[in-house]
Amino acid sequence: MSLTVNNISEQIVEILDEIQKSLLERSSKILREGTQEISSYDEFKSVFKGKKGFIKTYWCGDPKCEESIKYETKATTRCFSKEDSGKCIYCGKDSTQEWVFAIPY
């Protein structure tokens with residue numbers, strides 16, 4: 001696309017929209033490919049030993065479990081994912097929330 005003086009502002013908006021769309025697609029792909037759903041603590045620890053990324057798993061909400069996970073793996077909760085039922089990845093208690101964990105870099 002070549003810019004012309006007559007409609008430069010419209011062309012700039014189109015270019016910026018294309019850039020934004022490309023960045024969003026790239027980021028979404030990285031997030032999808034870098035997020036794993038984990039159901040065992042051994043697998044949780046194994047994933048963070050060798051890879052960067054995110055883990056979706058259940059956490060009971062107990063700060064003691066979170067502190068232990070952080071101490072053992074350096075991973076911390078990032079954000080709440082969804083309401084659902086499962087077992088806490090650390091202690092095995094019932095959980096009603098899935099969370100996203102990651103390691104700070």
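Phe80 is partly exposed in this predicted model, with a relative accessible area of 36%, whereas Trp99, its partner in an aromatic pair, counts as buried at a relative accessibility of 17%.

**Confidence of the prediction**

- The chain has a mean pLDDT of 90, and 96% of its residues reach 70 or more.
- Confidence is lowest in H2, where the mean is 88, and highest in helix H3 (residues 63–73), where it is 95.

**Aromatic pairs**

- The structure holds 6 aromatic pairs, and one of them is formed by Tyr41 and Phe44, whose rings are stacked at 5.7 Å centre to centre with 25 degrees between the planes.
- Tyr41 and Phe44 both lie in helix H2 (residues 41–50), where a separation of 3 residues places them about one turn of the helix apart, and both residues are buried.
- Ring pairs also join Tyr41 and Phe44 to a cluster that includes Phe48, Tyr90 and Phe101.

**Helix H3: its faces and its ends**

- Cys65, Ile69 and Thr73 are buried in H3, and, seen down the helix axis, the buried residues fall within an arc of 40 degrees, so they line one face of the helix.
- The cover over the buried residues of H3 includes helix H2 and strand E4, while the face turned away from the buried side carries the exposed residues Pro63, Lys64 and Tyr71.
- After H3 comes Lys74, which has a positive phi, near 75 degrees.

**Arg32 in helix H1**

- Arg32 lies in helix H1 (residues 8–33) and counts as exposed because its relative accessible area of 58% is over the 50% cut-off.
- Between Arg32 and Cys65, which are 33 residues apart along the chain, the C-alpha atoms are separated by 26 Å; Cys65 is one of the buried residues of H3, in contrast to the exposed Arg32.

Note on methods. Residues numbered from 1 in each chain as written. Predicted model: local features only at pLDDT ≥ 70, side-chain atom pairs only at ≥ 80, totals over all residues. Heavy atoms only, no water. Helix = DSSP H or I, 4+ residues; strand = E, 2+ residues; numbered from the N terminus. Buried < 20%, exposed > 50% of the residue type's maximum accessible area, 1.4 Å probe, protein only. Phe/Tyr/Trp six-rings, centres within 6.5 Å; stacked < 30°, edge-to-face > 60°. pLDDT = per-residue confidence, 0-100. Arc of directions from axis to C-beta. Contact = heavy atoms within 4.5 Å.
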